[in-house]
Amino acid sequence: MTAMFRSAAVRLAQHSLAVAAAAGFALFACAAQATTVERVVSPKGIEAWLVEEQAVPLVAMNFAFRGGAAQDPPEKPGVANLLSGMLDEGAGDLPSEAFQARLDDLSVELSFSAGREAFFGTLRTLVETRDEAFSLLKRAITVPRFDDEPLARMKDAVTTGIRAASTDPDSLASQALAAAMFPGHPYGRPIEGTERTVAAITRDDLELFRRAAFARSNLRIVVVGAIDAKTLGPLLDATFGDLPENPFLRPVPDVKPADAGLVEVAFSTPQAVIRFAGNGLERHDPDFMPAFVANHILGGAGFSSRLYAEVREKRGLAYSVGTGLATFDHAAAFFGGTATRADRGDEALTLIETEIRRLASEGPTEAELDQAKHYLIGSFALRFDTSSRIASQLLAFSLDGLGIDYVEHRNDLVAAVTIEDVRRAARRVFEAGPAVVVRVGPKPS
Amino acid sequence: MIAALVLSAAPLRAETPAVPRIAPAASEFTLDNGLSVVVVPDRRAPVVTQMVWYRVGSADDPVGKSGIAHFLEHLMFKGTKTHPAGVFSAEVAEIGGNENAFTTDDATVYHQTVPKEQLGLVMGFEADRMANLVLDDAAVLPERDVILEERRMRVDSDPAAQLGEAVDAALYQRHPYGTPVIGWAHEMAELSREDAITFYDRAYTPNNAILVVAGDVDEEEVRVLAEATYGKVARRAAPAPRDRAKEPEPVAARAVTLSDPRVAQPSLQRRYLVPSYASATGREAEALDVLADILGGGTESRLYRKLVRGAAIATSAGVWYSGSQLDYGSFGLSASPRGATTLDTLAAAIDGVIADLRDRGITEDELARAKRRTRAGAIYAQDSSRGLANYLGTALLTGESLAKAQDYPARIEAVTAEDVRAAAEKYLDLKRSVTGYLLPAPAAKPI
């Protein structure tokens with residue numbers, strides 16, 4: 001299924017770990033400015049953003065239907081996630097095995113995943129197999145078979161993953177954090193569901209979700225690679241043109257992270273895994289970009305944040321520490337986390353909370369602001385490194401409702417941030433401190 | 001007879017698709033001080049990645065000092081005479097670059113990705129810390145706590161990772177690949193500033209390193225910048241040959257079991273002692289690559305078709321061949337049981353699939369599919385210049401020539417079904433393996 005290519009050494013240890021992966025939410029991500037993004041509208045009116053790049057003979061497409069796991073039936077979390085595993089398990093006249101063999105014959109990579117608020121698909125194909133790759137995708141999203149054998153197999157695979165995660169400290173912490181932040185809300189439910197709810201999901205649940213969520217008006221598409229607008233338009237129609245115009249989505253209420261305080265999860269492990277979160281700013285808030293800069297200074301990527309210096313560099317309390325901003329369609333949050341030896345968990349947490357409040361009350365120094373802006377502006381272009389990453393970055397902007405020209409003026413927005421802006425935004429986001437702190441680890445004695 | 005052969009060869013050649021090369025535009029040269037340089041031009045975006053690969057890794061840790069190669073990798077961020085702690089990283093951040101470093105069994109690697117016009121700047125910093133590292137205990141001691149936390153996070157918090165260490169330790173009875181890259185905790189806790197400096201002075205020298213530059217540059221630009229930066233660093237040592245202890249011929253199948261209350265989902269993993277690309281003879285390494293793909297690479301593989309789809313006794317089953325090490329490769333497999341299947345049943349079923357492959361070999365169709373995946377993979381690989389830098393650095397570090405590394409797809413193309421069967425027969429022998437069983441255990445009643 002995945003193209004074979006020699007792997008590098010599997011045994012390695014490294015200087016630093018990306019904080020976003022450890023913290024359990026995707027960090028707000030940025031794309032780059034040098035790329036020309038073209039708007040393509042198909043004959044039937046389906047829109048895509050296209051970055052034409054002829055240097056390598058491949059095409060990468062990332063797309064999303066708004067309405068992800070938050071659209072799961074309230075009593076059955078896990079439907080969107082299971083659906084994402086079932087779409088390439090047979091479609092139309094091709095049963096599971098034949099469908100997978102065809103993808104393999106063509107060296108086409110097709111995958112789906114369920115986010116909280118969008119259902120994602122990615123397609124990678126060589127130019128020579130492009131038309132059949134799109135045709136297989138069309139069948140996957142319009143006439144999936146959901147046969148008994150693959151359904152049972154995928155349910156067991158998902159259940160195995162849920163069981164393994166049930167004793168993984170990071171997974172425990174992320175789930176406890178979501179549940180504490182958003183009690184009774186779709187955002188608080190596990191995307192994978194539970195062993196019980198996955199067992200209860202039927203073929204009809206999958207088909208109902210597909211019919212409700214897969215439509216043209218909630219579809220966002222980005223294509224990168226060796227294809228021009230004239231060729232892409234008809235392909236979009238052939239692939240997505242038969243979908244209904246509008247989805248039927250459940251309303252999702254607006255919500256603020258609950259003031260849940262400290263949540264302790266007793267678990268016998270050598271580290272205290274700490275996750276925290278508080279209310280953030282929504283993506284279109286005028287203070288969002290200043291808050292983004294403030295977060296970078298507090299706990300952003302690289303080796304220069306305040307938390308990196310205080311928690312790791314000076315005291316050796318942790319390997320990984322950081323913070324981020326998360327924006328949902330109906331909520332906004334800041335979040336962060338670390339993992340430290342169990343007997344120093346209190347010390348690390350106190351230190352982090354002190355730094356959060358210090359940034360809120362004093363703001364950054366002019367020098368820190370300057371450095372942060374330089375980094376954020378300069379590193380924007382580095383998000384361009386592969387077709388797939390360009391596609392996923394642009395898709396994130398599209399889903400956030402940012403315009404097709406956002407990549408061109410995003411750096412101007414960072415450059416315009418003043419020290420007063422950052423002070424104000426830091427106060428708004430960080431003054432109250434975390435509303436929820438989750439600590440997974442042995443009970444403190 | 002001759003005419004018939006020619007005639008029959010012609011259509012065959014016509015059907016054989018073009019075999020791509022990996023990073024066809026790459027080139028190489030060597031500086032006077034012995035630094036090898038590889039350039040991989042990629043003009044798609046105005047950015048460039050430099051990676052410096054030192055020919056030293058955890059398998060070169062002195063006995064009793066496990067983890068020192070990786071510890072030094074962390075300490076390389078602590079500053080030099082001319083650029084005190086934090087200055088390099090601050091400069092990389094200032095220009096909007098990304099940086100990191102990693103350590104493997106055989107290599108220690110430092111890398112930055114920056115806007116193209118800043119390449120000379122980061123080359124200057126990297127050349128400086130090749131020779132002028134300054135360490136004091138105020139920097140060293142907290143960092144030692146950091147690597148201990150890294151170990152707790154990556155290994156001690158994860159029973160599957162702990163089992164993996166135990167499998168490696170049992171697989172290598174003599175060779176240092178049996179020691180974790182990050183080190184054993186009790187030895188890491190004793191590592192000192194002096195240990196790090198001794199290791200540094202022995203291994204960090206231009207004649208023991210490979211510079212890979214990938215991105216919006218050409219060879220001439222890189223040559224000028226490299227001579228002005230790395231070219232000024234004198235040879236600091238004459239690295240000794242990397243003669244590590246060899247493994248005895250294995251005679252006993254081994255099994256290790258980790259039962260832990262933190263395990264909710266049982267699984268098994270296995271590794272076989274096999275040659276690497278650097279240590280193999282003939283086409284054995286290429287054959288092992290194809291074998292791993294056919295046996296357990298993806299949903300078209302034998303293990304997936306027979307155990308996950310067919311017998312429905314596993315939820316996952318995968319195989320990999322890691323041939324990028326200097327002395328031995330690692331041929332591994334892992335699987336999770338489905339439903340009430342026990343690990344013993346699962347292991348027996350896996351052994352049945354392997355026995356069938358050893359006895360009857362692979363089909364021409366399976367071989368053709370594996371080759372097609374490799375050809376496609378080489379084209380997909382062009383999309384990531386950082387991936388290419390990583391691939392070429394690994395290959396050159398283990399003694400492969402640039403041309404040989406670029407010709408990888410052609411080498412796979414040359415593999416025959418008999419090569420694969422012979423590799424399976426020779427190497428997928430339980431005597432050469434360690435099987436690790438990960439099992440739940442009630443907290444009160446350890447097994």
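**Close-up views of a predicted two-chain model**

View 1. The unreviewed UniProt entry carries the annotation "domain: Peptidase M16 C-terminal" for residues 201–375 of chain A, where UniProt positions are given in the numbering used here, feature names are shortened, and annotations may be inferred rather than shown by experiment. The end C-alpha atoms of this span lie 46 Å apart, and the span is 41% helix and 24% strand; helices (H or I, at least four residues) and strands (E, at least two) are DSSP runs, numbered from the N terminus. The annotation "domain: Peptidase M16 N-terminal", also from an unreviewed entry, covers residues 59–194 of chain A, a span of 46% helix and 20% strand whose end C-alpha atoms are 36 Å apart. This is a predicted model, in which local features need pLDDT of at least 70 and side-chain atom pairs count only at pLDDT 80 or more, while totals for chains, interfaces and linings use all residues. Residues are numbered from 1 along each chain as its sequence is written, chains are lettered from A and ligands numbered from 1 in the order in which they are written, and side-chain values use heavy atoms, with hydrogens and water left out.

**View 2. The interface of chain A and chain B.** The contact (heavy atoms within 4.5 Å) takes 81 residues from chain A and 86 residues from chain B. Between them the two chains bury about 7000 Å², 55% of it on carbon and sulfur atoms, buried area being the accessible area (1.4 Å probe) that two parts lose on being put together, summed over both. There are 9 salt bridges between chain A and chain B, each defined as a side-chain nitrogen of Lys or Arg within 4 Å of a carboxyl oxygen of Asp or Glu, and one of them joins Arg309(B) to Glu89(A) at 3.9 Å, N to O. On the side of chain A that touches chain B, the largest share, 9 residues, comes from helix α5 (residues 148–165) of chain A.

View 3. Residues up to four places away in sequence aside, Asn62(A) touches several others, including Gly121(A), Arg220(A), Val222(A), Ser388(A) and Leu395(A).

**View 4. Asp137(B) and helix α2 of chain B.** Asp137(B) belongs to helix α5 (residues 137–156) of chain B and counts as partly exposed at 42% relative accessibility. Beyond neighbours within four places in sequence, Asp137(B) is in contact with Pro142(B) and Arg193(B). Helix α2 (residues 68–75) of chain B, by contrast, is mostly covered, with 8 of its 8 residues buried, among them His70(B), Phe71(B), Glu73(B) and His74(B).

**View 5. Positive phi at Ser107(A) and Phe146(A).** Most residues other than glycine have a negative phi. Ser107(A), not a glycine, has a positive phi of about 55 degrees; this residue sits in the loop between α3 (96–106) and β7 (109–114) of chain A and is buried at 6% relative accessibility. Phe146(A), also not a glycine, has a positive phi of about 50 degrees and is found in the loop between α4 (130–142) and α5 of chain A, where Phe146(A) is buried with a relative accessible area of 1%.

Terms used
Buried < 20%, exposed > 50% of the residue type's maximum accessible area, 1.4 Å probe, protein only.
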